[in-house]
Amino acid sequence: MVYVDPLVRHGWVLRGRMVASCHLFTDEASLDELHWLARRIGMKPGWFRDVAVPHYDLTMMRRRAAVALGAREVGRREAVEIWRARRRRAFSVGSMAALDF
């Protein structure tokens, strides 16, 4: 599943003015669905943020497009829960792989 969290003013300046932004992210181990949806709404591969929570930053118009294509809207708390659960799964899978002889 691919999600979008609420628009917030993080300090982005676009064309000389402040704009709100949000995150497009997934709860899946595979990022295929995330990248597919990002491409469909006009995101460039170089805009992908592969950090603690792999995501794309979206403006209001791209957020609307993502929702129209099936991204699920979640609140900030639910987004954080999804991110934590994804990290726990990634860590446990990574830990098990490191123990695999």
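Let's start on helix α3, which spans residues 76-99 and holds arginine 87. Helices here are DSSP runs of H or I with at least four residues, strands are runs of E with at least two, and both are numbered from the N terminus. This is a predicted model, in which local features need pLDDT of at least 70 and side-chain atom pairs count only at pLDDT 80 or more, while totals for chains, interfaces and linings use all residues. Residues are numbered from 1 along each chain as its sequence is written, and side-chain values use heavy atoms, with hydrogens and water left out.

Arginine 87 counts as partly exposed because its relative accessibility is 39%. (Buried means under 20% relative accessible area, exposed means over 50%, and partly exposed lies in between, with a 1.4 Å probe and protein chains only.) On the surface, Arg87 gathers with Arg84, Arg88 and Arg89 in a patch of positive charge. Patches take residues with over 30% relative accessible area and no salt bridge, joining like charges within 9 Å and nonpolar side chains (Val, Leu, Ile, Met, Phe, Trp, Tyr) within 5 Å. For charge, Lys and Arg count as positive and Asp and Glu as negative, while His and the chain ends are not counted. The place of a charge is taken as NZ of Lys, CZ of Arg, CG of Asp or CD of Glu.

## The overall layout

Stepping back, you will find 3 helices and 5 strands in the chain. Their order along the sequence is β-β-β-α-β-α-β-α. Taken along the principal axes, the C-alpha atoms fill a box of roughly 55 × 25 × 25 Å. Of the 101 residues in the chain, 32% are buried.

## Salt bridges

How many salt bridges does the structure hold? There are 3, each defined as a side-chain nitrogen of Lys or Arg within 4 Å of a carboxyl oxygen of Asp or Glu. As a general point, side chains of opposite charge can pair when their charged atoms come close.

One of them joins aspartate 5 to arginine 76, with the closest N and O atoms 2.8 Å apart. This pair links distant parts of the chain, since aspartate 5 sits in the loop between β1 and β2 and arginine 76 in helix α3, 71 residues apart. Aspartate 5 counts as buried because its relative accessibility is 0%, whereas arginine 76 is partly exposed at 38%.

Another salt bridge pairs glutamate 73 with arginine 63, and here the closest N and O atoms are 2.9 Å apart. Distant parts of the chain are linked again: glutamate 73 belongs to strand β5 (residues 72-73) and arginine 63 to helix α2 (residues 60-68), 10 residues apart. Glutamate 73 is partly exposed, with a relative accessible area of 46%, while arginine 63 is buried at 13%. Arginine 72 and glutamate 78 form a salt bridge too, with 2.8 Å between the closest N and O atoms. Arginine 72 is partly exposed at 36% relative accessibility, and glutamate 78 is partly exposed at 29%.

## Histidine 55

Is histidine 55 buried or exposed? Histidine 55 is buried, because its relative accessible area is 8%. You can find this residue in strand β4 (residues 55-58).

The side chain of histidine 55 comes to 2.6 Å from the backbone oxygen of valine 53. There is also a polar contact of 3.2 Å between the side chains of histidine 55 and aspartate 57. A polar contact is a pair of N or O atoms within 3.5 Å; within protein, one must be able to donate a hydrogen and the other to accept it, and residues adjacent in sequence count only if both atoms are side-chain atoms.

## A nonpolar patch

Leu7, Met60 and Met61 make a nonpolar surface patch of about 270 Å². Accessible areas come from the Shrake-Rupley method with a 1.4 Å probe, and for residues only the protein chains shown count as cover. Leucine 7 lies in the loop between β1 (2-4) and β2 (8-14), and it is partly exposed at 32% relative accessibility.

Alanine 29 sits in the loop between β3 (17-26) and α1 (32-40), and its relative accessible area of 75% is why it counts as exposed. Its C-alpha atom is separated by 7.2 Å from that of alanine 90, 61 residues apart along the chain.

Valine 67, in helix α2, is partly exposed at 28% relative accessibility. Between valine 67 and leucine 24 the C-alpha to C-alpha distance is 9.9 Å, with 43 residues separating them in sequence.
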